[in-house]
Amino acid sequence: MSEQVVFTFDVDGDDFTSAGHASMQVKKNLRQLGIDPDIIRRVSIAMYEGEINMVIHARGGVATVSVSEEYIEIILKDEGPGISDIEQAMQEGFSTAPDNIRTLGFGAGMGLPNMKRYTDYMNIESQVGVGTTITMRVNLE
Amino acid sequence: MTVNDLCNIEGFNPLTLPEGDREISGVYIGDLLSWVMGKARSDNAWITIMSNINTLAVASLTDVACVILAEGVTLEEEVKNAAENKGINVITSAYSAYDTALILSKAQ
């Protein structure tokens, strides 16, 4: 019997430069658990993209990462504006990020596609005006 | 070639070198951070002109061997300190991204 390990982080919506703290911490924690480096890389990149999205679009939110025997699950929950057309948002190159974000090197419309690319399962639940919850899983086997 | 070796080449100067013995394998060039996260491989030398704090997060998450700032771009003191703390090698190159990559290609 092994117990599930869970990490929870508040993602600060006001401070763009601090985005990445949660994913860096997760990277460190997973390394301590002895998880395979390639899996750590996939989890932390997918989570960083999600964190950046929450900062750019949703004034922050909460990230929860849990490690079970089968997979690592990342749940990103925000109370932002929601995504009106998920299919369109998933297209590479589509972005609604403002110009000041682009000067920082983001807003290329690659965030959600990267999150899908690096995970084995991804589900987006979103309601305009209410918020978005993204669930991602990376299999451990 | 290690990152230390790279710093011995004329026109390449280390800004932070906490893990200079890391071996460089391949190169990725790009400034759009999500593209870099999607494409750069572990142990690559990443050539960019982006030098803000997010560059460090991307370098750490992709586990590149070093960041090479082309065109003589440098780091602000605060970012430099953060790079040192995060264990990220950052080198400034006097050359364009293209010429920097050519030099790396010849040296490897």
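Predicted model: local features only at pLDDT ≥ 70, side-chain atom pairs only at ≥ 80, totals over all residues.
Arg117(A) and Glu92(A) meet in a salt bridge, with 3.4 Å between N and O. This pair links distant parts of the chain: Arg117(A) sits in helix H5 of chain A, while Glu92(A) belongs to the loop between helix H3 (86–89) and helix H4 (99–102), 25 residues away. With a relative accessibility of 37%, Arg117(A) counts as partly exposed.

Stay in chain A for a second salt bridge, this one between Arg42(A) and Asp120(A), whose closest N and O atoms are 3.3 Å apart. Arg42(A) is part of helix H2 (residues 37–58) and Asp120(A) is in the loop between helix H5 (111–118) and strand E4 (121–127) of chain A, so the bridge ties together parts that are 78 residues apart in sequence. The two partners can also be placed by their accessibility. Arg42(A) has 17% relative accessibility and counts as buried, because the cut-off for buried is under 20%. Asp120(A), at 43%, is partly exposed.

Now cross to chain B. Here Asp63(B) forms a salt bridge with Arg22(B), and their closest N and O atoms are 3.1 Å apart. Asp63(B) lies in the loop between helix H3 (53–62) and strand E4 (66–69) of chain B, and Arg22(B) in the loop between strand E1 (12–16) and strand E2 (27–29), so this pair ties together parts that are 41 residues apart in sequence. Arg22(B) is buried, with a relative accessible area of 17%, whereas Asp63(B) counts as partly exposed at 29%. Salt bridges that share partners join Arg22(B), Asp43(B) and Asp63(B) into one network. Over all chains, the structure holds six salt bridges.

How many salt bridges run between chain A and chain B? The count there is zero. On the side of chain A that touches chain B, the elements giving two or more residues are H1, H2 and H5 of chain A. H2(A) gives the most to that side, with five residues. Sorted by class, the side of chain A that touches chain B has 10 nonpolar, seven polar and five charged residues.

The size of an interface is often given as the accessible area lost when the parts come together. For this pair of chains, about 1800 Å² is buried between chain A and chain B, 57% of it on carbon and sulfur atoms. Met24(A), Arg41(A) and Tyr48(A) supply 30% of the area that chain A buries against chain B, more than any other three residues. In terms of contacts, 22 residues of chain A touch 22 residues of chain B.

Met24(A) brings us to helix H1(A), where it is one of the buried residues. The helix covers residues 21–32 of chain A; its 12 residues reach 17 Å from the first C-alpha to the last, close to the 16 Å expected at 1.5 Å a residue. What covers them? The cover includes strand E1 (5–12), H2, strand E2 (60–67) and strand E3 (71–78) of chain A, together with H3 and helix H4 (77–86) of chain B. Just after H1(A), Gly34(A) takes a positive phi of about 80 degrees.

Met54(A) lies in helix H2 of chain A and, at 3% relative accessibility, counts as buried. Leaving aside neighbours within four places in sequence, Met54(A) is in contact with Val11(A), Arg59(A), Gly60(A), Gly61(A), Val62(A), Leu76(A), Lys77(A) and Asp78(A). The C-alpha atoms of Met54(A) and Gly105(A), 51 residues apart along the chain, are separated by 16 Å.

In chain B, Ala97(B) lies in helix H5 (residues 97–107) and is partly exposed, with a relative accessible area of 22%. Ala97(B) and Glu71(B) are 26 residues apart in sequence and 7.1 Å apart in space, C-alpha to C-alpha. Glu71(B) is also among the contacts of Ala97(B) beyond four places in sequence, along with Ile29(B), Ile47(B) and Ala70(B).

Terms used. Residues numbered from 1 in each chain as written. Chains lettered and ligands numbered in written order. Heavy atoms only, no water. Salt bridge = Lys/Arg side-chain N within 4 Å of Asp/Glu carboxyl O. Helix = DSSP H or I, 4+ residues; strand = E, 2+ residues; numbered from the N terminus. Buried < 20%, exposed > 50% of the residue type's maximum accessible area, 1.4 Å probe, protein only. Expected span 1.5 Å × (residues − 1). Contact = heavy atoms within 4.5 Å. Buried area = accessible area lost by both parts, 1.4 Å probe. Nonpolar A, V, L, I, M, F, W, Y, C, P; charged D, E, K, R; others polar.
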